[in-house]
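Here's a quick tour of one protein model, going from single residues to the way the chain packs inside. Have the sequence and the 3D view open as you read.

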Amino acid sequence: MQTAEDSSMPPQGRPAHANPSAPVATSAPPGMPDPAPLAMPERACRWQASVRAAVPDGTTARQPRALRRIALGVTLLIVLALLAAMLQAMAPLMAERPLIVATVLSLFTVNSVWIAWAAVTAALGAMGPARARATQRAPGSNGRIAVLVTLCGEPAAPVAANAAALRRDLDRSDFGTRVDIVLLSDTTGAEAIAAEDRAVAPLARLDGIHFRRRAARDGRKPGNIADWLRRWGGRYAFMAILDADSRMTAARLQAMAARLEAEPTLGLVQSGMRLLPARSRFGALQRLSSRLCGPAFIAGMAAWAGREGNFWGHNAMLRVAAFADAAGLPRLSGRAPFGGDLLSHDFVEAAWLRRSGWGVEILPDSRGSFEDGPQSLGDFHRRDRRWCQGNLQHLRLVWGARMHPLSRLHLISGIHSYLSAPVWLALVMLLAFAAPGAAALPALAGTLALLLVPKLAGILHWLRRSRHLRHRPGVLLRATGAELALSTLLAPLVLVRQTAAVASVLAGRDAGWRPGAKAARLALGGLPEAMAGLALMAVALGLGAGAGQMLWLFPLIGPLMGAPLLVRWLDAPVRRSVRRRVLADDSAPLALAPGLAHRAA
């Protein structure tokens, strides 16, 4: 392993006031390869003619225009049907409460578009090809590849162990001779740095691994990668990006490199991902939901997105020259939360690659591609608050010039994934007091049916692809039932937290990035959710809610009132017997339903 740690002084050969986008040509820091500078200009949100790099002519990929039209048409038909049903339910109240009716119809339409498009996407994925198509390696491919692993205060021991395992995996094939693993650290604090140094020290026995720690954490993770690109990017044709908690196998990296080599107009390929075996019931629920619903949804997204796919920040491989030319991020003007560093940079980088003429493709196959998930609700809420702020920053970027319409759609989807929470909360409260009665049942039944479509699509996906589950469908149905019950109880807790996160961002509060911070204090054992449930009940009773209205609100208020018990149960560790069975056979697609671990070859 080769290591380097920057000093706090400007790099030799570049004064502190120099243009940060210029290539940095200096003598190599100790232990790092010789510099190979690469320009990475900082791009503006507005279109710049110079952005369009030398994208090779021609592509072998066919754009799914017909599929997009069908998906859009079906989505619009579903939304119109739901809106007609809700309009019929609210029509008797139009004269008496026109403002409430107009608000309900507007909010219902916005969220209906969201869930209808998600349902159509999942259905497309479930009906797609049962097997992923293999990509053949382009003849004469020999460009060098860097696997960048970014860390910032996370425990370094597992990162070092994963890097060593990947290095050994790479060294078992000829492909490994093309690949360097580079650990890029932004860790600060004397104790954390000392622990990190101890963890990575054993890697010194392995060739092909480099380690670098920056002294100045300018630009967070994107800044760390950009700084590395400007110093050493010229050595490499492609770079794969991993987070501290994500992993990829050599075979998966080779398949992604083969795709970039076979399609020279692609700038980025994003791999599907599987969650690693969980250590808590909450982690198990996330993994079960991901394994059940995720494959069909991602396959559907890949089908209609084509070359206008998206980037999720890690477990992806990028063409170095394309990314450096097109995706140099600026610092947004103004103060956080809407200004400053972009927290959700990945969607923007994908959009800017596409506006520069490069393709962005999603490879739904998740074999050999893994990430870890939050193991407690406190960790989940902390990450979700940061994602909420980052996605709402996209309100400033979504109408940037020359972006492809589907790139805008990805940005809008990310924004709405958080704005939908206060919209749902407002809808539930308004419908409770508008009291449309049984007339609203068709619209609500249609909405619930749409919410079930991704789960049904997941069942179809696994029945088509797993011989074991076709012969034992009861296993699949029990896992689906467990996931549905637990996610239904958890949904009000997430809805309240996301509503609070949106309100916090709109109020100007900055969540920032607090690496390695303990999040237990943010969970508070479910007490904030219970207090929110009490507040909603008090408001409802104060406005004269009757038994029927309280019954309407119970699916929301009930889980909130029971949040302390639910959070305590979900945060508990997975039983050792269940975890041992999962670890013994991680190929099981639905292995982490608590008490439902099983084999599904």
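Is serine 290 partly exposed or buried, and what is its relative accessible area? Keep in mind that we're looking at a predicted model here. With a relative accessible area of 24%, serine 290 counts as partly exposed, because buried would mean under 20%. You'll find serine 290 in helix α7, which covers residues 281-305. Leaving out residues up to four places away in sequence, serine 290 touches Leu275 and Pro295. Methionine 273 sits 17 residues from serine 290 along the chain, and their C-alpha atoms are 9.1 Å apart.

Leucine 484 also falls in the partly exposed class, with a relative accessible area of 34%. Leucine 484 belongs to helix α14, residues 473-506. Together with Leu452 and Leu456, Leu484 makes a nonpolar surface patch of about 240 Å².

Here are those two residues side by side:

| Residue | Helix | Relative accessible area |
|---|---|---|
| Serine 290 | α7 (residues 281-305) | 24% |
| Leucine 484 | α14 (residues 473-506) | 34% |

Now for the inside. In soluble globular proteins, nonpolar side chains tend to be buried together. In this model, the largest nonpolar core has 34 residues, and Val147, Leu170, Ile181, Leu183, Leu203, Leu253 and Met317 have the most contacts within it. Several helices and strands give two or more residues to this core, including β2 (145-151), β3 (179-185), α4 (190-200) and α6 (250-262). The largest share, 7 residues, comes from α3. A separate core of 29 residues lies apart from this one, with Ala146, Trp228, Leu229 and Trp358 among its members.

Not counting residues up to four places away in sequence, leucine 183 touches Val149, Leu151, Val159, Ala163, Val200, Leu203, Ile209, His210, Phe211 and Arg212.

Three strands make an open sheet with mixed pairing, in the order β6-β11-β8. The edges are β6 (246-248) and β8 (274-275), each pairing on one side only. How do β6 and β11 pair, parallel or antiparallel? β6 and β11 (residues 369-371) run antiparallel to each other, with 3 bridges between them.

Notes
Residues numbered from 1 in each chain as written. Predicted model: local features only at pLDDT ≥ 70, side-chain atom pairs only at ≥ 80, totals over all residues. Heavy atoms only, no water. Patch = residues over 30% accessible without salt bridge, like charges linked within 9 Å, V, L, I, M, F, W, Y side chains within 5 Å. Areas by Shrake-Rupley, 256 points an atom, 1.4 Å probe, with all protein chains shown as cover. Salt bridge = Lys/Arg side-chain N within 4 Å of Asp/Glu carboxyl O. Helix = DSSP H or I, 4+ residues; strand = E, 2+ residues; numbered from the N terminus. Buried < 20%, exposed > 50% of the residue type's maximum accessible area, 1.4 Å probe, protein only. Pairing = 2+ DSSP bridges. Core = buried A, V, L, I, M, F, W, Y, C linked by side-chain atoms within 4.5 Å. Contact = heavy atoms within 4.5 Å.
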